[in-house]
Amino acid sequence: RIDSRRFSLSTYMPDSLPRIACPILVLYGELDQLAWPSVASRLDTCRALHPGTRTLTIPRAGHWVQYEAAADVNAALLDFLR
């Protein structure tokens, strides 16, 4: 585990997204309390900075979406990687 606050509060992601040339999938749990200011806002930002970004909100899951909804996350990853 790392203390990711410095990273998540930085401009690293919005500065980097426009330079990425490969397809991107962004997953959030709909109940993620750390997605500031909101999950919808974060996803809108990703799509605006990298048009074509595939976004998905996993219902009834929070910040640890990969643990809270492992089957849904795995299915989304397999679909994306196909």
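Aspartate 44 is partly exposed, with a relative accessible area of 43%. Here buried means under 20% relative accessible area, exposed means over 50%, and partly exposed lies in between (1.4 Å probe, protein chains only). The model is predicted: local features need pLDDT of at least 70, side-chain atom pairs count only at pLDDT 80 or more, and totals for chains, interfaces and linings use all residues. Residues are numbered from 1 along each chain as its sequence is written, and side-chain values use heavy atoms, with hydrogens and water left out.

Aspartate 44 forms a salt bridge with arginine 47. The closest N and O atoms of this pair are 2.5 Å apart. A salt bridge is a side-chain nitrogen of Lys or Arg within 4 Å of a carboxyl oxygen of Asp or Glu. Aspartate 44 and arginine 47 are three residues apart in helix H3, so about one helical turn separates them. Helices (H or I, at least four residues) and strands (E, at least two) are DSSP runs, numbered from the N terminus. Arginine 47 counts as partly exposed, at 34% relative accessibility.

The structure holds two salt bridges. Arginine 54 and aspartate 79 form a salt bridge with their closest N and O atoms 3.6 Å apart. Arginine 54 belongs to strand S2 (residues 54-58) and aspartate 79 to helix H5 (residues 70-81), so this pair ties together parts that are 25 residues apart in sequence. Arginine 54 is partly exposed at 38% relative accessibility. Aspartate 79 is partly exposed too, with a relative accessible area of 42%.

One aromatic pair is present in the structure. The ring centres of tryptophan 64 and tyrosine 67 lie 5.2 Å apart and the planes stand at 35 degrees, so the pair is tilted. Rings of Phe, Tyr and Trp (its six-membered ring) pair if their centres lie within 6.5 Å; planes under 30 degrees apart count as stacked, over 60 as edge-to-face and the rest as tilted. Tryptophan 64 is partly exposed, at 39% relative accessibility. Tyrosine 67 counts as exposed, at 60%.

Cysteines were examined next. A disulfide is a covalent bond between the sulfur atoms of two cysteines. The criterion is a pair of cysteine sulfur atoms within 2.5 Å. A search of the whole structure finds zero disulfides. The cysteine sulfur closest to that of cysteine 22 is in cysteine 46, and the 13 Å between them is too far for a bond. Cysteine 22 is partly exposed, with a relative accessible area of 43%. Cysteine 46, in contrast, is buried at 1% relative accessibility.

The largest pocket holds about 1000 Å³ of space. The search ran on a 1 Å grid over the protein atoms alone; a pocket is an open set of points with protein on both sides within 12 Å along at least five of seven lines, whereas a cavity is a set of points where a 1.4 Å probe fits but cannot get out. Grid points are joined across faces, edges and corners, and a volume is the space filled by probe spheres set on the points. Lining residues have an atom within 4 Å of a point. The largest pocket has 28 of them, and Ser4, Phe7, Ser8, Arg42 and His63 lie nearest its centre. Two or more lining residues come from each of helix H1 (5-8), helix H2 (12-16), strand S1 (25-29), helix H3 (39-49) and helix H4 (65-68). The lining divides into 14 nonpolar, nine polar and five charged residues. Ala, Val, Leu, Ile, Met, Phe, Trp, Tyr, Cys and Pro count as nonpolar, Asp, Glu, Lys and Arg as charged, and the others, Gly among them, as polar.

Several backbone features complete the description. A cis peptide bond joins tryptophan 36 and proline 37, with omega about 0 degrees. Proline 37 sits in the loop between S1 and H3. The loop between S2 and H4 contains proline 59. Proline 59 is partly exposed, with a relative accessible area of 38%. The C-alpha atoms of proline 59 and leucine 43 are separated by 15 Å, and the two residues are 16 residues apart along the chain. Arginine 60 is also found in the loop between S2 and H4. Phi of arginine 60 is near 60 degrees, a positive value in a residue other than glycine. At 67% relative accessibility, arginine 60 is exposed.

Leucine 49 belongs to helix H3. Leucine 49 is partly exposed, with a relative accessible area of 28%. Leucine 49 and aspartate 15 are 34 residues apart along the chain, and 8.7 Å separates their C-alpha atoms.
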